[in-house]
Amino acid sequence: AGSREPGAGSREPGAGSREPGAGSREPGAGSREPTFGLSPEWLLADGTPFVDGLVLSHPEQLDRLCRVCPEAEKAAVLAGDPCFDRMLAARPYRERFRRALGVRSGQRLVVLNSTWNPEGLFGTGGDADLVPSLLPRLAAELPADDYRLAAVLHPNIWYGHGPGQIRAWLDRARRSGLTLIDPVHSWRQALLAADAVLGDFGAVSYYAAALGTPVLLAAAGENRLDPEAPLATFVRDAPRLDPHGLLRDQLTELLARHRPLAGPAEFTTSAPGASAELLRRHFYTLLDLPEPPTPALLEPLPLPPYTPPRRTAPLDVRTRPVRRTGAKRGSGAAAEVVIERSTGHPYDAVGEAHRAVHEDTRDPGDLATADVIWRDGPPDDPRLGGPAAWTAEILRRYPHCSLAAYVTGPDHCTVRTREHGAFRLSAGPGADADPAAYASALHAWLARGGEVPASGTTLRVHTAGDVHPVDVHPADA
């Protein structure tokens, strides 16, 4: 019942005509090879079907089956798609899935995905330089507070290379904020949470398009597809990534011009919401038993664990002040700062620059030149001595550092500056950004002559297309 999910199937993980569109040719095969999972080589033993039931999700697959392998028609069963049905049922919980991934207000979640074919995205897509150059550029060109990055890799990629090798290959991207999604239990939730998908011709891209999510293809693999399959039509119609163009501009255009393609939604399943009933009916028919009187139901998608981005690579921060008419410097009136953070130097970045570095950066030399150093953890962590002790220690240890920030939760932190003392920063009503961004904004405002009165002030942080009011109070108040 679950063979549509990556990694499932009775022959090989991901194999068989249960793949959305049933249009892939055998991995590694040429264009004249049989269609993967929908041909005599995959379905017959001694000229007869070796299965009692060949489950298909759409009559289109049955029509092609009758043309290429009529001997298997008697085993075919139209029973919808349980994987897609679980996603449809979980759609109301999209915001919960986004919060589980630490997606902030105004952020866009971009999910990268790759099938296990050598011409898939992670297989370099036929371009040996694509993935090694794409991941650092995504981190550099997409502001950290505007975009959240996650990756779904087919289970065969994990099993073929091993988790340790995958994490080693993607270490730089992970330190820049990329999260690797569990390829069995959490990929559907990530897909529901996504604002855009950057992928290839695999099932995950097709599912995303069926859900109406914008898809940008970085690896098309046309020669791996049955030209008659809906999957091939999708690949021909979907927008393509220009690996030499500005990534931020391409994603902005993708989201602005997106119009859902009709094909994926139509051909993923011909019985939306009914797969459990159809499959159970078939199973009990094979067993020659009466069906239970209770409804046939699928297991709901679970809420994944909270997995916010962990950025330990140095961040280049650009800031510029915004001053309202009539506001006076140092008056305690609301201060405003526009901030943009990224791992690298975006081509169009403007404003005053400083460097913010997580204490767990890979290169200790990064800390010696950092203007802002931060870390995150519980306020009562005995190993660190608490926010007051840790921030004081950082300023003593790193003379170049101007501000140390201890992030104690998703909406607050404690900071210590060399010239102005310690402050507590808390998200005000409607604020929802990374507290480390609040700390960098405060550093920039104070560096321009701002002051925090004893009664505190409100710092308005402009990022991710929104304004986030942050309450700033002296730590000893």
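I started at V110, which stands opposite A196 in strand 8. The model is predicted: local features need pLDDT of at least 70, side-chain atom pairs count only at pLDDT 80 or more, and totals for chains, interfaces and linings use all residues. Residues are numbered from 1 along each chain as its sequence is written, and side-chain values use heavy atoms, with hydrogens and water left out.

I noted that strand 5 and strand 8 (residues 196-199) run parallel and are joined by three bridges. Two strands pair here if DSSP finds at least two bridges between them. Helices (H or I, at least four residues) and strands (E, at least two) are DSSP runs, numbered from the N terminus.

Contact means heavy atoms within 4.5 Å. Axes are lines fitted to C-alpha atoms, for helices over the stretch in contact, and angles run from 0 to 180 degrees between N-to-C directions.

I looked up the largest nonpolar core, which has 38 residues; M87, W187, L191, Y207 and F234 touch the most other members. Such a core is a set of buried Ala, Val, Leu, Ile, Met, Phe, Trp, Tyr and Cys residues joined through side-chain atoms within 4.5 Å. Buried means under 20% relative accessible area, exposed over 50%, and partly exposed in between (1.4 Å probe, protein chains only). Among the elements that each supply at least two residues of this core are helix 3 (82-90), strand 5 (108-114), strand 6 (147-153), helix 9 (187-193) and helix 11 (230-237). Helix 10 gives the most, with seven residues. Apart from this core lies another of 31 residues, including L403, A431, A436 and L446. In soluble globular proteins, nonpolar side chains tend to be buried together.

I checked M87 by itself. Leaving aside neighbours within four places in sequence, M87 is in contact with W187, R188, L191, L192, Y207, L211 and L301.

I found P239 in the loop between helix 11 and helix 12 (247-257). P239 counts as partly exposed because its relative accessibility is 38%. Not counting residues up to four places away in sequence, P239 touches V215, L216, L217 and L254. P239 and Q250 are eleven residues apart in sequence, and their C-alpha atoms are 9.9 Å apart.

I traced a closed barrel of nine strands, 10-11-17-18-16-15-14-13-12, with mixed pairing. Its neighbouring strands are turned by 30 degrees against each other on average, direction ignored.

I went through some of the pairs.
- Strand 11 (residues 335-342) and strand 17 (residues 457-463) pair in the parallel sense over four bridges, and A335 has L459 as its bridge partner in strand 17.
- Strand 16 and strand 18 (residues 466-474) are antiparallel, with five bridges; A427 is bridged to V470 in strand 18.
- Strand 15 (residues 412-417) and strand 16 (residues 421-427) are antiparallel, with six bridges. They form a hairpin with three residues between them, and H412 has S426 as its bridge partner in strand 16.

I also looked at helix 17 (residues 435-447). Helix 17 lies across strands including strand 10 (315-322), strand 12 (352-358), strand 13 (372-376) and strand 14 (403-409), and runs at about 125 degrees to strand 11.

I found D366 in helix 15 (residues 365-368). Is D366 buried or exposed? D366 counts as buried because its relative accessibility is 13%. Its side chain makes a polar contact with the side chain of T361 at 2.9 Å. A polar contact is a pair of N or O atoms within 3.5 Å; within protein, one must be able to donate a hydrogen and the other to accept it, and residues adjacent in sequence count only if both atoms are side-chain atoms. D366 touches P314, R355, V357 and T361, not counting residues up to four places away in sequence.

I noted 17 helices and 18 strands. Of the 477 residues, 54% count as buried.
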